[in-house]
Amino acid sequence: MFSYLKKKFFSTEPEQPATPSAPSNSEPAAGVLPAAAAPAPISPAPAPALEPAPALEPAPPTNRPSWFDRLKTGLRKTGSSIGSVFIGTQIDEALYEDLEAALLQADTGVQATQFLLDDLRRRVKSSKTTDPAAVKGLLAQALADLLQPLQQALPIGAQADGPTVLMIAGVNGAGKTTTIGKLTWHLSHAGASVLLAAADTFRAAAREQLGVWATRNTVEIISQQGGDPAAVSFDAVTAGRARGRDVVLIDTAGRLPTQLHLMEELKKIKRVIQKADPSAPHQVLLVIDGNTGQNALAQVKAFDAALGLTGLVVTKLDGTAKGGVLAAIAIWGRERGAVVPVYFIGVGEQLEDLQPFDAQEFASALLA
């Protein structure tokens with residue numbers, strides 16, 4: 001299910017015996033096979049250390065139809081608004097005008113809306129369709145093709161040594177800490193050992209909230225009451241390397257892009273992380289609230305300028321979210337020649353309500 005995990009966690013090659021045989025995050029990852037066991041000259045039995053490391057099981061498979069239904073329900077308001085354009089009409093200029101208005105109301109943005117309309121016109125002309133319902137299907141395919149570059153696997157375990165360091169940022173209330181808890185659950189169930197860093201030292205009870213997720217997932221957490229966020233991040237990366245952890249997830253305080261002094265602090269955290277590991281952070285993820293509409297695109301631009309984003313997590317699509325902003329983000333990435341992928345989307349509070357982004361699935365749910 002979670003193919004974003006690199007083969008480091010699923011390898012069955014005998015040359016890599018250091019992979020743990022049980023997904024317990026409380027035990028050191030390096031203490032599984034007795035690599036230093038003394039030779040047994042009396043017994044010719046094969047040494048256990050030469051056996052292939054067992055492949056670790058990925059997270060339990062999600063019922064995709066159920067997930068699709070929840071996603072469709074979350075996007076129902078937007079989907080019904082766009083879908084109504086194709087009811088009791090014919091393919092003419094009035095249809096395209098109504099569709100333009102519906103897409104703009106869905107937070108698709110002017111550029112993405114124009115791109116989709118132009119693409120749709122070409123598809124209708126090429127297919128020679130005369131059925132408005134078929135035009136809706138062509139629009140879903142056009143949207144899926146536009147969003148396809150955003151669908152990428154989150155690279156975990158690509159480093160030659162040391163943990164994969166993920167720095168999580170976002171505005172207040174976007175759901176960063178909850179997202180970290182869900183990611184930790186998925187990673188742990190896929191066999192990765194995780195260490196959390198409570199670098200949100202500003203928000204009241206932020207450390208305690210992350211601590212609850214750490215306890216729930218049976219993972220360790222690095223925190224300091226009232227400590228410096230950069231120092232906490234440095235300690236976490238250092239501890240992750242020393243303890244042989246696979247992933248270090250760093251929670252940062254929520255902030256608005258207009259709060260320049262807080263954005264500078266984010267840059268400082270990133271610089272200090274690089275002192276502990278020059279190649280880190282390997283991923284800088286922005287968590288955005290799906291209900292914020294076109295403001296989400298402004299957030300992506302601002303945080304990317306400050307940190308150099310490598311990916312997005314879109315949450316709360318089960319609320320009043322319109323979903324069209326993903327098309328705006330795709331167009332922005334297309335125009336600058338470098339997309340910021342959407343690794344995960346969320347539609348609820350349950351652990352399984354955070355799932356990898358699938359462009360075709362999203363477009364189908366939006367225009368169901």
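Start with the aromatic rings. A search of the whole structure finds 1 aromatic pair. Rings of Phe, Tyr and Trp (its six-membered ring) pair if their centres lie within 6.5 Å. The model is predicted, so local features need pLDDT of at least 70 and side-chain atom pairs count only at pLDDT 80 or more, while totals for chains, interfaces and linings use all residues. Residues are numbered from 1 along each chain as its sequence is written, and side-chain values use heavy atoms, with hydrogens and water left out.

**Next, a charge and a ring**

Select Tyr-96 and Arg-121. The charged end of Arg-121 sits over the ring of Tyr-96, 4.1 Å from the ring's centre. For this, NZ of Lys or CZ of Arg must be within 6 Å of the ring centre and within 35 degrees of the ring normal.

**Two helix pairs**

Two packed helices are described by the angle between their axes and the distance between the axes. Axes are lines fitted to C-alpha atoms, for helices over the stretch in contact, and angles run from 0 to 180 degrees between N-to-C directions. Helices (H or I, at least four residues) and strands (E, at least two) are DSSP runs, numbered from the N terminus.

Select residues 110-127, helix α4, and residues 132-147, helix α5. Their axes come within 9 Å and cross at roughly 130 degrees. That makes α4 oblique to α5. (Under 35 degrees counts as roughly parallel, over 145 as roughly antiparallel, 65 to 115 as roughly perpendicular, and the rest as oblique.) Now show the contact, meaning heavy atoms within 4.5 Å. On α4, pick residues including Phe-115, Leu-120 and Val-124; on α5, Val-135, Leu-139 and Leu-146 are among them.

Move to α10 (residues 295-307) and α11 (residues 325-336). They pack at an angle of about 40 degrees, with their axes 9 Å apart. That makes α10 oblique to α11. The contact is made by Ala-296, Leu-297, Val-300, Lys-301 and Asp-304 of α10, with Val-325, Ala-328, Ile-329, Trp-332 and Arg-336 of α11.

Select Pro-281. This residue is in the loop between α9 (260-276) and β5 (283-289). The peptide bond from Ala-280 to Pro-281 is cis, with omega near -10 degrees.

Go to Thr-218, in the loop between α7 (206-217) and β3 (220-222). Phi of Thr-218 is near 55 degrees, a positive value in a residue other than glycine.

Finish at Lys-316, in the loop between β6 (311-315) and α11. Lys-316 is not a glycine, yet has a positive phi of about 60 degrees.

Definitions and conventions
Rings of Phe, Tyr and Trp (its six-membered ring) pair if their centres lie within 6.5 Å; planes under 30 degrees apart count as stacked, over 60 as edge-to-face and the rest as tilted.
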